[in-house]
Amino acid sequence: MLMTSSREDTAATVLLRWLSQAMMNLTLGLAASVIWFAGRLLSVIFAYQPPLLSGTVFAVVAMVGAAGTVLLFVLVMYSAAVGGVYLVVRQAARARLEGGPRARPAHIGGPPADGDAPRA
């Protein structure tokens, strides 16, 4: 998928787009590697010529292990990404509600707005 960008994109939008693209590439790559592993596993089993039951049980156990490992890794990766995005959004909302980091306006040529005399 070709990612297009415009000048109006914020840094957060670009980072989220990059993160989602990297995660999707990793997910598809891991899925392809499990499929490749299945093919290589079957070729090794057929070359070894074990009894039918032993070969089938070994193939099933090896594939369940490989698929489970990849699935766990992908789930942890997506959970970490969702949790990170949630924390950033929550912090941004909290900063917006509390007023955020705002600088006091500079007063040029007059007393501050709250009536206090300037300190020397």
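Which residues does Leu26 touch, not counting residues up to four places away in sequence? Leu26 touches Phe73 and Met77, where contact means heavy atoms within 4.5 Å.

## About the model

Welcome to this structure. This is a predicted model, in which local features need pLDDT of at least 70 and side-chain atom pairs count only at pLDDT 80 or more, while totals for chains, interfaces and linings use all residues. Residues are numbered from 1 along each chain as its sequence is written, and side-chain values use heavy atoms, with hydrogens and water left out.

## The chain as a whole

The chain has 2 helices and 0 strands. Helices (H or I, at least four residues) and strands (E, at least two) are DSSP runs, numbered from the N terminus. Helix α1 covers residues 11–48, and helix α2 covers residues 52–97.

Of the 120 residues in the chain, 14% are buried. Here buried means under 20% relative accessible area, exposed means over 50%, and partly exposed lies in between, with a 1.4 Å probe and protein chains only. The accessible surface of the chain is about 10100 Å², and 71% of that belongs to carbon and sulfur atoms. Such areas come from the Shrake-Rupley method with a 1.4 Å probe; for residues, only the protein chains shown count as cover. If we take the contacts between residues at least 6 apart in sequence, 55% join residues at least 24 apart.

## Where the helices meet

Let us return to Leu26, which sits in helix α1. Leu26 is partly exposed because its relative accessibility is 35%. Its C-alpha atom is 8.4 Å from that of Val74, although 48 residues separate Leu26 and Val74 in sequence.

Thr27 is also placed in helix α1. With 19% relative accessibility, Thr27 counts as buried. Leaving aside neighbours within four places in sequence, Thr27 is in contact with Val74, Met77 and Tyr78.

Tyr78 belongs to helix α2 and is partly exposed, at a relative accessible area of 28%. Beyond four places in sequence, Tyr78 touches Met23, Met24 and Thr27.

## The loop between the helices

Gln49 is found in the loop between α1 and α2. Gln49 has a positive phi of about 55°, although it is not a glycine. Its relative accessibility is 67%, so Gln49 counts as exposed.

## A pocket and a surface patch

The largest pocket holds about 170 Å³ of space. Its lining consists of Ala12, Leu15, Leu16, Gly84, Val85, Val88 and Val89. Both α1 and α2 give two or more residues to this lining, and α2 gives the most, with 4 residues. On a 1 Å grid over the protein atoms alone, a pocket is an open set of points where a 1.4 Å probe fits, with protein on both sides within 12 Å along at least five of seven lines; lining residues have an atom within 4 Å of a point. Grid points are joined across faces, edges and corners, and the volume is the space filled by probe spheres set on the points.

Leu16, Val85 and Val89 form a nonpolar patch on the surface, with about 230 Å² of accessible area together. For such a patch, residues need over 30% relative accessible area and no salt bridge, and nonpolar side chains (Val, Leu, Ile, Met, Phe, Trp, Tyr) are joined within 5 Å. A salt bridge is a side-chain nitrogen of Lys or Arg within 4 Å of a carboxyl oxygen of Asp or Glu. Val85 lies in helix α2 and is partly exposed, with a relative accessible area of 31%.

How values were computed
Patches are made of residues with over 30% relative accessible area and no salt bridge: like charges are joined within 9 Å, nonpolar side chains (Val, Leu, Ile, Met, Phe, Trp, Tyr) within 5 Å.
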